[in-house]
Amino acid sequence: MNYHWNWQIFFEPNPTGSGTYLDMLLSGLALTIKTALTAWIIALVFGSVVGVLRTLPSKVAGWIGFCYVEFFRNMPLLVQLFLWFFVLPELLPRAAGLWLKQMPNAPFWTASIGVGLFMSARVAVQLAAGIASLPRGQKQAATALGLTTAQTYRYVLLPMAYRIILPPLTSEFLNTVKNTAVAITIGLIELTGQARAMQEFSFQVFEAFTAATIMYLLVNIVVVTGMRFLERKVAIPGYIAGK
Amino acid sequence: MKRLLSIGFALAAALGAAEAGAQELTGTLKNIKETGTITLGHRDSSIPFSYLDDNQKPIGYAMDICYKIVDAVKKELKLDKLEVKLNPVTSSTRIPLLANGTIDLECGSTTNNAERQKQISFTNTHFLTASRYVSKKSSKLNSIDDLKGKAVVSTAGTTNIKQLTEANAARGLNVNIIPAKDHAEAFLMVETDRAVAFVMDDILLASLVAGSKTPDNYVISKDAFSKPEPYGIMLRKDDPAFKKVVDAATAALYTGGEGQKIYDKWFTQKIPPKGLNLNTPIAAELKNEFAKPSDSPDPDSYK
Amino acid sequence: MLGSFDFDVIRRSLPYLFVDGMTFTLTLTALSALGGLVFGTLIALMRLSGFKLLGRIAGLYVDFMRSLPLVLVIFWFYFLVPYIGQWLTGASRPISVGAFASSLITFIMFEAAYFSEIMRAGIQSISRGQPAAASALGLTYAQSMRYVVLPQAFRNMLPVLLTQTIVLFQDTSLVYVLSIPDFLGAASKVAQRDGRLVEMYLFAAVVYFTISCLASFGVRRLQARIAIVR
């Protein structure tokens, strides 16, 4: 392979004046994690609301939940990010659009919200499935005890459902981390973006991508290990995971 | 027996000679001969060097030069037919794609500098341009220092974004640099007020402004981030045989006056798709270079 | 703002968007799904085979691919595939692969990791008695897989496989990062040339949405039918 390898490149100074190329990649990693966490909070909040809506007895609520999920699931994430970033500000009144566009960190917020809402549809599906998987008796018992619907969800159904769906939520969180990479198309310089910038500045394509790959693998390993620990901690006695 | 032996020797010699003849072709030339194809890398929006017309076909000044090179390669290899494949590249993918053999020539607006010459080669210079920025007149940005603390866009993978990054660090401008995929996208960011300025080679900026909906609203800076730097068609490094053919083809084109004709076609006449006229007559430096073609990365050598 | 909405730019670019862009997207989706399914099934068989080493390699491959963002994988392959071709064929120089072939290889390799998990679940859903009965009838391992296990696994998993194909259809839009004219790439080229981001991106969104919705609707109906048959 006639490619000029140079693994020393990581310790050479980068042109941004902020240290070495390795520092550049690490700052990308930090931004990836920050964006993923913000997006994940949004995904959990919206996903929970919509997931609950889908399981409520009300037909209207179920229909709203269904539409929400279909809307966010049937468009590529890239197209959704373009809609938030390029289209939305143009459809707003001029002043509001301008404010949105000139917000510092616009790519970060757009990516967090865009990825967050995209993932929220998947969280909603998982949560609705988790609630549906609970024995019907639980809901009936709660009603018999005189709990309101809100109380039933708050004290009975949700605490159980979240613990049951913890494993699929782990993989959805990992998907969130990966999906933040799509945001390089709207100018977010996260890990993949920094790897590409390093390639452009230093011409060392494969070193840059190798380092980014290793960093993604590490994030994966850390998250999976941490979540396994958490799963064991919160496992429900009597369920398969609970022993 | 003697006769047989001598025939054997003659045969061996003939075979050896044939083999040597085949070995003369190396690298890209050999590949082109074997596959009967040559792949040109083109850009989406490097107007008027390499961009897509109304039918999404790549056209432009650099494309015309490349087709001349293709003719020369065809003649050199004595091929009846040479298929030309086109592959889109961006500023950030062009060098890896050239290195990995996806494209054989990059026909666009690539700045020839010493750093890049460590990775790839350039043929004779086809343009000279300096790095500046475009902004809306209404934002009243009169110098590079006025960019302080603002959002500025540039195209990822260009020398311009690197110069902006370096100036940002050296002068403490605290500019928020947004990388864009291609020039058109970057310019749209200024047009839609997402960034206040777009740092790029001035000729590309002028073309984008001329092609915009309201050309009068924009101004290109007097301040430059660099001296006028040369543009070259890129080819793979360490392929002297191919470079020789390409250099000879471009040198003949430029010294023979045809280069000037192609230049005039794209820079002083109406060009597709909108019938724009860039009104940029050939500069004295480029005219000198056309008389004495050079692939030097040193801006000062073109004075 | 909507007053200045230019429908004409969409109408004018329809041939380019669909004849060039959508054809690229659909061809890439179909061939990647097919290739991903074949390769994914092989990986699933490796994982379920008795050979520990083979199973581990396949498992590592799946975990590796699933931890990486598709965008990064797309970059990797676009730059790396020609060198792999050179290495495989022993050529003196990298093999020119081209945008479509490179994207196809990328998606096959990437999606295989996801398809293999689906096929693994499908194969595991077949009761153990069946391959046992097949081998009792004198069928070889290959024959029992080919004629007994895989057809059923495939059939059981068809809705999931199709849903994954819809995801794949949406994911192909990411070749945009390489400036390849798939449907979204074509739309963005027109959008940027004419300064009509709003129209083109909204139109692209509607097209992707309509196709994905119709396809998911079809999958749901299929699922209902299969459910009754079982």
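Biologist: What makes β10(B) and β11(B) a pair of strands?

Modeller: In this predicted model, five bridges join β10(B) to β11(B), and the two run parallel. Two strands pair if at least two bridges are found between them, so β10(B) and β11(B), with five bridges, count as paired. One of the residues involved is V152(B), whose bridge partner in β11(B) is I177(B).

Biologist: Why is β10(B) described as largely enclosed by the rest of the structure?

Modeller: Strand β10 of chain B covers residues 151-155, and five of the five are buried, so the strand is largely enclosed by the rest of the structure. A151(B), V153(B) and T155(B) point one way from β10(B), while V152(B) and S154(B) point the other way, and all are buried.

Biologist: Turning to chain C, why is α4(C) called oblique to α6(C)?

Modeller: Helix α4 (residues 99-124) and helix α6 (residues 141-171) of chain C pack at an angle of about 135°, with their axes 9 Å apart. That makes α4(C) oblique to α6(C), because an angle has to be over 145 degrees to count as roughly antiparallel, and 65 to 115 is the range for roughly perpendicular. The crossing of α4(C) past α6(C) is right-handed.

Biologist: What kinds of residue make up the contact of α4(C) with α6(C)?

Modeller: Residues of α4(C) including F107(C), Y114(C) and F115(C) meet residues of α6(C), among them V149(C), F154(C) and L161(C). By class, this contact of α4(C) with α6(C) has 14 nonpolar, three polar and one charged residues. Chain C as a whole has eight helices and zero strands, and buried residues make up 45% of its 230 residues.

Biologist: How do you know whether N105(A) is buried or exposed?

Modeller: N105(A) has 12 other C-beta atoms within 10 Å, and a residue with 12 or fewer counts as exposed, so N105(A) is exposed. N105(A) is found in the loop between α4 (94-101) and α5 (106-133) of chain A, and has a positive phi of about 65° although it is not a glycine.

Biologist: Why is D193(B) called partly exposed?

Modeller: D193(B) has 17 other C-beta atoms within 10 Å; being buried takes 20 or more and being exposed takes 12 or fewer, so D193(B) falls in between and is partly exposed. D193(B) is found in the loop between α7 (183-191) and β12 (197-201) of chain B, and has a positive phi of about 65° although it is not a glycine.

Note on methods: Residues numbered from 1 in each chain as written. Chains lettered and ligands numbered in written order. Predicted model: local features only at pLDDT ≥ 70, side-chain atom pairs only at ≥ 80, totals over all residues. Axes fitted to C-alpha atoms, helices over the stretch in contact; angles between N-to-C directions. Helix = DSSP H or I, 4+ residues; strand = E, 2+ residues; numbered from the N terminus. Parallel < 35°, antiparallel > 145°, perpendicular 65-115°, else oblique. Left-handed = near helix turned anticlockwise from the far one by under 90°. Contact = placed C-beta atoms within 7 Å. Nonpolar A, V, L, I, M, F, W, Y, C, P; charged D, E, K, R; others polar.
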